[in-house]
Amino acid sequence: MQMPDNTLYFIAIIPPDIICREVTSFKDDIALHHNSKKALRVMPHITLKAPFAISYNRDIEVREWFTSMPIKSTAFEVELNGFDCFDKPKDPVIFVKPKLSSELISLQKKIIEAFEMQFPELKSQFSDKDFHPHITIAYRDLTYPEFGKAWEKYSKKEYQNSFNVQHIFLLKHNKSSWEISVKKNIDI
């Protein structure tokens, strides 16, 4: 069997199961009423390092780097407050809105700096430098007319919750879905 040339990874915060179930219920609602199902393929998360492709034979290197990544942080709380969107006609997105905090910004920045030092040959994504945390509930297959209808509802919908961040996750694409490859404790 021929092995693929590259493997995709990304780094994220994954909320606790109860919040994941709540977020998934929003995804289910949009899939049912607005014919947008792609967000259901990915577990609820806040992306800290956008997806990157690297040779499949460097898997151990990526995992070891992630495990030993020198980020010093303490556990912190992420507050979720309502919904927001990226209102782009060709690629609209609706998401649960986390409150931007100095701890979240600092953690993301440390991860990007560590990544760029370890993998200077890999080009950074725009979103790595222009961090806008979100938990996606609709994207990719959300048409602009359906986005308008869904946003009419979600722009007025209330949702509040919070969770403690003690871990970050390296996710790996297995050619059909994303799976957790490594869980890293951030609390020092």
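Predicted model: local features only at pLDDT ≥ 70, side-chain atom pairs only at ≥ 80, totals over all residues.

Q: Where is Arg140 placed?

A: Arg140 sits in the loop between strand S5 (135–138) and H5.

Q: And what's the phi of Arg140 like?

A: Phi is near 55 degrees there, which is a positive value for Arg140, a residue other than glycine. In general, most residues other than glycine have a negative phi.

Q: OK, what about Asn35, what phi does that one have?

A: Asn35 has a phi near 50 degrees, again a positive value in a residue that isn't glycine. You'll find Asn35 in the loop between H1 and strand S2 (46–55).

Q: Is Asn35 buried or exposed?

A: Asn35 counts as exposed, because its relative accessibility is 53% and the cut-off for exposed is over 50%.

Q: Switching to helices. How do the axes of H1 and H5 cross?

A: The axis of H1 (residues 17–34) and that of H5 (residues 144–154) come within 11 Å, and they cross at roughly 135 degrees. That angle makes H1 oblique to H5. As for the hand, the crossing of H1 and H5 is right-handed.

Q: Which residues make the contact?

A: From H1 you have Phe26, Asp29, Ile30, His33 and His34, and from H5 there are Glu146, Lys149, Ala150, Lys153 and Tyr154. Sorted by class, the H1 contact with H5 has four nonpolar, two polar and four charged residues.

Q: What does Phe147 touch?

A: Setting aside residues up to four places away in sequence, Phe147 touches Cys85, Phe86, Asp87, Pro92, Val93, Ile94 and Leu142.

Q: And what separates Phe147 from Asp187?

A: The two are 40 residues apart along the chain, and their C-alpha atoms are separated by 38 Å.

Q: New topic, the nonpolar cores. Which residues touch the most other members in the largest one?

A: The largest nonpolar core has 46 residues, and the ones touching the most other members are Ile13, Leu48, Ile94, Val96, Leu107, Ile137 and Ile168. Another core, of twelve residues, lies apart from it, with Phe10, Cys20, Ala39 and Leu171 among them.

Q: Where does Ala39 sit, then?

A: Ala39 is in the loop between H1 and S2. Ala39 counts as buried because its relative accessibility is 2%.

Q: What is Ala39 in contact with?

A: Leaving out neighbours within four places in sequence, Ala39 is in contact with Lys27, Thr136, Ile137, Ala138 and Tyr139. Also, Ala39 and Thr24 are 15 residues apart in sequence, with a C-alpha to C-alpha distance of 8.8 Å.

Q: Last one, Leu122. Where is that?

A: Leu122 lies in the loop between helix H3 (102–118) and helix H4 (126–129).

Q: Why does Leu122 count as buried?

A: Leu122 has 18% relative accessibility, so it counts as buried, the cut-off being under 20%. Beyond residues up to four places away in sequence, Leu122 touches Phe52, Ala53, Ile54 and Phe115. Leu122 and Ile54 are 68 residues apart in sequence but 8.2 Å apart in space, C-alpha to C-alpha.

Definitions and conventions
Residues numbered from 1 in each chain as written. Heavy atoms only, no water. Axes fitted to C-alpha atoms, helices over the stretch in contact; angles between N-to-C directions. Helix = DSSP H or I, 4+ residues; strand = E, 2+ residues; numbered from the N terminus. Parallel < 35°, antiparallel > 145°, perpendicular 65-115°, else oblique. Left-handed = near helix turned anticlockwise from the far one by under 90°. Contact = heavy atoms within 4.5 Å. Nonpolar A, V, L, I, M, F, W, Y, C, P; charged D, E, K, R; others polar. Core = buried A, V, L, I, M, F, W, Y, C linked by side-chain atoms within 4.5 Å. Buried < 20%, exposed > 50% of the residue type's maximum accessible area, 1.4 Å probe, protein only.
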